[in-house]
Amino acid sequence: MKVKFILPALMEAKSPFWRPIKYSLFPPLGLATLAAYCSPEDELDLQDEHVEELNTDDQPDLVIIQVYITNAFRAYALADHYRKKGCYVCLGGLHASSLPEEAIPHADTIFIGPGEDTFPQFLIDFRNGRAKKMYLNAKREIETIPPIRRDLIKHHLYFVPNSIVVSRGCPHHCDFCYKDAFFEGGKSFYTQRVDAALAEIDRLPGRHLYFLDGHLLGNYKFSSALFEGMKGMNRVFQGASTVDAILRGDLIEKAAEAGLRSIFIGFETLNPKNLAQSNKKQNLGKDYNEAIKRLHSLGIMINGSFVFGLDDDDKDVFKYTVDWAVSQGITTSTFHILTPYPSTRLYQQMEADGRILHRDWDKYDTRQVVYQTKGLSAAELKQGYDWAYNSFYSWQNIAKASVQHDSVKHMLKHFAYAGGWKKFEPAWNFLIKTQGLNKTLPVLEAILSKVRGKDKREPLQPFPAIG
Ligand code: SF4
């Protein structure tokens with residue numbers, strides 16, 4: 001049987017001339033995971049439109065398409081194309097799970113929730129000619145998943161081919177996050193077996209790893225055994241966590257010992273009222289400064305994530321947030337305009353309040369205002385968001401944030417990482433076009449080499465939270 005797996009390009013990633021590096025970072029691990037359930041006799045093809053032109057002239061027996069919100073219309077068009085040719089088409093992923101009634105007319109089968117339980121059952125049914133219209137995941141178990149079919153990934157087209165996921169979901173419940181909608185009806189946070197995760201790591205070449213887990217420090221027992229097992233593997237890695245997990249216990253020290261060199265943290269807002277409104281309890285009342293101090297003392301760089309447009313924001317929020325991030329020595333920042341994704345509690349509340357402006361999913365890319373704002377106008381929000389990016393990544397602020405560290409090595413690493421990420425887009429574009437991205441990995445590994453240091457910031461003068 002010929003099976004084709006497709007990740008259509010996100011709307012914001014599309015341009016024939018310009019490919020931002022962030023869309024060539026990670027291969028589609030979810031699809032490669034599903035591919036592992038196919039039989040060895042099946043002929044498999046995995047295409048990722050972010051890094052290659054799709055070939056749609058083929059005639060597979062089965063087409064599996066992963067749907068996110070800003071590729072939804074493209075995914076539906078591809079699904080319609082293949083169905084017209086007589087292929088059997090399945091849709092799954094965050095958006096198809098959030099809005100099954102929208103996806104169903106474009107698919108022969110849709111998968112709701114994570115695919116590890118539903119896809120194997122679907123394959124059995126499909127081969128027996130009795131596939132169902134919809135498969136709902138309820139089991140939630142990844143302890144026995146087969147090794148990911150990484151052989152289907154075109155490694156040379158990605159900056160970080162060694163991405164890995166060892167858990168599913170997250171233990172928290174933020175109102176704006178897709179997570180609860182995706183995992184509705186069952187467990188919403190579960191992990192692989194530690195030995196299986198270590199075996200997967202062992203199969204990956206080179207030193208660098210990027211854990212794509214929503215919360216790598218979310219389960220103390222699992223993470224602590226994982227980091228213990230990773231000691232001596234000579235890895236450097238990046239991942240995501242929350243402020244409270246960094247402040248609690250000794251897990252972050254164990255992670256640093258195992259090779260954690262950079263971490264993504266959802267600070268989201270410096271305003272407690274906004275945190276409460278978003279049900280971001282894990283950040284409420286937590287000392288951001290102390291968490292940052294701890295990370296810097298372990299030589300871990302920080303990618304801070306911030307959301308603008310929460311109801312308690314006013315026009316001062318942009319400068320306030322950027323000044324804080326720079327003063328704290330945050331290495332890179334990701335800013336977002338608040339976006340109510342369908343089926344989240346935020347969306348339901350905004351819909352009930354009549355605040356959803358339209359359902360043009362292509363524009364739900366966290367760079368555009370798609371809801372009725374409060375506190376500041378849509379134009380102020382968009383301008384402030386653009387200003388925040390430009391200001392944070394000005395050379396002046398990159399330099400200012402870099403010198404918050406006490407060791408010269410940490411300063412240089414910070415400067416190289418932040419500058420390299422945002423200031424060399426034409427060079428990244430060239431490497432993407434010439435398929436040379438993967439050759440730069442040793443540079444990233446060097447930047448992520450070990451550094452320890454005290455924190456130069458004034459720890460006793462925390463930046464006051466607004467609101
Ligand atoms: S902590 Fe992050 S992944 Fe977890 S629910 Fe909140 S936004 Fe989602």
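Where is the place of Ser241? Ser241 sits in strand β11, which spans residues 236–241; helices (H or I, at least four residues) and strands (E, at least two) are DSSP runs numbered from the N terminus. The model is a predicted one, with local features needing pLDDT of at least 70 and side-chain atom pairs counted only at pLDDT 80 or more, while totals for chains, interfaces and linings use all residues. Residues are numbered from 1 along each chain as its sequence is written, and side-chain values use heavy atoms, with hydrogens and water left out.

Ser241 counts as buried because its relative accessibility is 4%; buried means under 20% relative accessible area, exposed over 50%, and partly exposed in between (1.4 Å probe, protein chains only). Leaving aside residues up to four places away in sequence, Ser241 touches His215, Leu217, Ile246, Ile263, Phe264, Ile265 and Gly266, a contact being heavy atoms within 4.5 Å. Lys273, in helix α11 (residues 272–277), is instead exposed, with a relative accessible area of 52%. The C-alpha atoms of Lys273 and Lys132 are separated by 46 Å, the two residues being 141 apart along the chain.

Next come the helix pairs. Two packed helices are described by the angle between their axes and the distance between the axes. Here the axes are lines fitted to C-alpha atoms, for helices over the stretch in contact, and angles run from 0 to 180 degrees between N-to-C directions.

Helix α7 (residues 194–203) and helix α8 (residues 220–230) have axes that come within 10 Å and cross at roughly 40°. That makes α7 oblique to α8; angles under 35 degrees count as roughly parallel, over 145 as roughly antiparallel, 65 to 115 as roughly perpendicular, and the rest as oblique. The crossing of this pair, α7 and α8, is right-handed, where right-handed means that the near helix is turned clockwise from the far one by less than a right angle, and left-handed means anticlockwise. On the α7 side, Val194, Ala197, Leu198 and Ile201 meet Phe222, Ala225, Leu226, Gly229 and Met230 of α8. Sorted by class, the residues of this α7 and α8 contact are eight nonpolar, one polar and no charged; Ala, Val, Leu, Ile, Met, Phe, Trp, Tyr, Cys and Pro count as nonpolar, Asp, Glu, Lys and Arg as charged, and the others, Gly among them, as polar. Within α7, Ala196, Ala197, Leu198, Glu200 and Ile201 are buried, and their cover includes β7 (163–164), β10 (208–211) and α8.

α8 also pairs with helix α10 (residues 251–258), the axes coming within 8 Å and crossing at roughly 25°. α8 and α10 are therefore roughly parallel to each other, and α8 passes α10 in a left-handed crossing. Tyr220, Ser223, Ser224, Phe227 and Met230 from α8 meet Leu251, Lys254, Ala255 and Ala258 from α10. This contact of α8 with α10 has six nonpolar, two polar and one charged residues.

Further along, helix α13 (residues 317–327) packs with helix α15 (residues 378–392) at an angle of about 20°, their axes 9 Å apart. That makes α13 roughly parallel to α15, and α13 passes α15 in a right-handed crossing.

As for the ligand, its surroundings are Cys170, His172, His173, Cys174, Cys177, Lys280 and Gln282, a residue being near if one of its heavy atoms lies within 4 Å. This shell around the ligand holds three nonpolar, three polar and one charged residues.
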